[in-house]
Amino acid sequence: MRNFLFAALICCALTFSLSAQEEQTSEETKESKVEADAQAEEAAEAEEEEDKLAFERKPYFNATVFGGVSAGINVEDGDVNKEESYEIGLDNLILDFKGGDRMFNGRAMVDFGSVDDEGKMTLDVIKNVSFRMQHPSFRNAAGTFGLDVNLQAGLFEMPFGIETGYDHEVAFANSAIKDDFFGGAFNDLGVSLGVDLIFSKESDLAITLFTFNGANETMLDGEKNLFRAPAFGVDLRFNKTGDFYATAAASLVVGKAYRNYGFDVYNVEDDEIISYKNGEDLDQSRNNVLMAIGADLGYNVNDDISVGFKGEFGLTHRALYNPDFENGKLISDGIDKAGSAYTSWGLFAMPYVTLWDVDMMARVSYFKAPFYEENIVSKDNSNLGVNIAVIYNFCDYAGIELDYDFNKTTFHGYGEKNETVSESLNTHSIALALSGAFDFLWEEK
């Protein structure tokens, strides 16, 4: 009996010992699994980070067709402007082709909505014919920092300000600051060279230097004299993607202020009006300077809801040429001083929101003096604008937009006795626009 009890105690002890060993082994196995999972997750995150910095060459071709028509009512100081109301107008009809292998890329884009009022095709229809190279020049060993070198040449839109890009790429692209104050985009023949500093999977800083022929009205160069005086610019742009996204941009452009004149001149000594047309006395050494600082901040609440705010401040210094005649002056300017200039500024603020299939925004803008005026007194002109727009994207290929605009424009000029006169004009417009887009993308699997 004693032996039986002793054997039973030994069995219980062995059973407890084995159970404890199994429990310890199970705990060790769980800890090892947790540690392995953590290591695998860290490796996956590191691999994902490296994947962002890794550069993959993949042939692709993209074709986009975008068009829009609109009609509305325009009211000026309480009266309906029948010439600008009711008729259906073609806003744009764009064909946009892009292709390459991510490192070497080409683009061709035309906008048939840019045909002039007489229906004639002009060079303004061509928005982009360019070649672009993006070279992954450096990656560190840890895969946490990279540097790309970007080179672009041809006819394309130079990077300037926060509202850059073509209107079929960005919603609510029509801006009084971009279109009226700065004189439109810098869509011109030129070349740009830039570096893109890649800090992480979600952030980078792009620095771009560019030069273009400056023949457009934005730089006031001679319209009929291509490459007469090139313009130069620099653009710094920080980008962050993710749920919280941000873009901050600072841009500067400097260009010659030459402009073709064909004005009458009053000769003081002979008391007569003589005609002046592009003489050698035009001073072409002075520059126009344009500067913009802006930001676009937003938060993606989920896949269907996002909110954001966009704003920009712009500054321009504009040279106006009054040929320095001996005993003469330009009647259009009404002053004797040669080589007049003025400095003006503008700004806008725009909150916006996306709720499922609906995009909404409200933009307020104000600027002093637009991109070019013939009279020095026009430096005091001003424009206050309010724009509210709602777009309902009722399918993947089309949307309908309701747009309301208010503008208060103040003009300054000269009267019959060369005195300064002022006039204000209030305009309201409400328009309905329909746009459609079809996009085709092929890329090598």
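This is a predicted model: local features need pLDDT of at least 70, side-chain atom pairs count only at pLDDT 80 or more; totals for chains, interfaces and linings use all residues.
**Entry: overall make-up**

I counted two helices and 20 strands in the chain. Of the 445 residues, 37% are buried. The chain exposes about 25,100 Å², and carbon and sulfur atoms supply 58% of that area.

**Entry: nonpolar core**

I then turned to the largest nonpolar core, which has 29 residues. F160, F182, F186, F212 and V253 have the most contacts inside it. I recorded the elements that give two or more residues to this core: helix α2 (176-181) and the strands β8 (203-212), β10 (244-256), β13 (287-300), β16 (341-355), β17 (358-368) and β18 (382-395). In soluble globular proteins, nonpolar side chains tend to be buried together.

**Entry: aromatic rings**

My search for ring pairs returned 11 aromatic pairs. One of them is formed by F104 and F131, which are stacked at 6.3 Å centre to centre with 20 degrees between the planes. F104 belongs to strand β4 (residues 104-111) and F131 to strand β5 (residues 126-139), so I noted a link between distant parts of the chain, 27 residues apart. Elsewhere, ring pairs join F160, F181, F182 and F367 into a cluster.

**Entry: charges over rings**

I found the charged end of R102 over the ring of Y60, 4.1 Å from the ring centre. I also found R363 over the face of F348, at 5.8 Å from the ring centre.

Most residues other than glycine have a negative phi. R102, in the loop between β3 (89-100) and β4, has a phi of about 80 degrees. R102 is partly exposed, with a relative accessible area of 30%. W356 has a phi of about 55 degrees and is found in the loop between β16 and β17. Is W356 buried or exposed? I noted W356 as exposed, at 54% relative accessibility.

**Entry: salt bridges**

The count came to 10 salt bridges. I examined D96 and R107, whose side chains meet at 2.6 Å, N to O. D96 lies in strand β3 and R107 in strand β4, so this bridge ties together parts that are 11 residues apart in sequence. D96 is buried, with 1% relative accessible area, and R107 counts as buried at 17%.

R107 also forms a salt bridge with E169, the closest N and O atoms being 2.7 Å apart. E169 lies in the loop between β6 (146-157) and α2, so its bridge to R107 in β4 ties together parts that are 62 residues apart in sequence. I recorded E169 as partly exposed, at 39% relative accessibility.

I next looked up K178 and E157, whose closest N and O atoms are 3.8 Å apart in a salt bridge. K178 is in helix α2 and E157 in strand β6, so the pair connects parts that are 21 residues apart in sequence. Both K178 and E157 are buried. Last, I noted that salt bridges with shared partners join D96, R107 and E169 into one network.

Technical notes:
Residues are numbered from 1 along each chain as its sequence is written. Side-chain values use heavy atoms; hydrogens and water are left out. A nonpolar core is a set of buried Ala, Val, Leu, Ile, Met, Phe, Trp, Tyr and Cys residues joined through side-chain atoms within 4.5 Å. Buried means under 20% relative accessible area, exposed over 50%, partly exposed in between (1.4 Å probe, protein chains only). Helices (H or I, at least four residues) and strands (E, at least two) are DSSP runs, numbered from the N terminus. Rings of Phe, Tyr and Trp (its six-membered ring) pair if their centres lie within 6.5 Å; planes under 30 degrees apart count as stacked, over 60 as edge-to-face and the rest as tilted. A charge sits over a ring if NZ of Lys or CZ of Arg is within 6 Å of the ring centre and within 35 degrees of the ring normal. Accessible areas come from the Shrake-Rupley method with a 1.4 Å probe; for residues, only the protein chains shown count as cover. A salt bridge is a side-chain nitrogen of Lys or Arg within 4 Å of a carboxyl oxygen of Asp or Glu.
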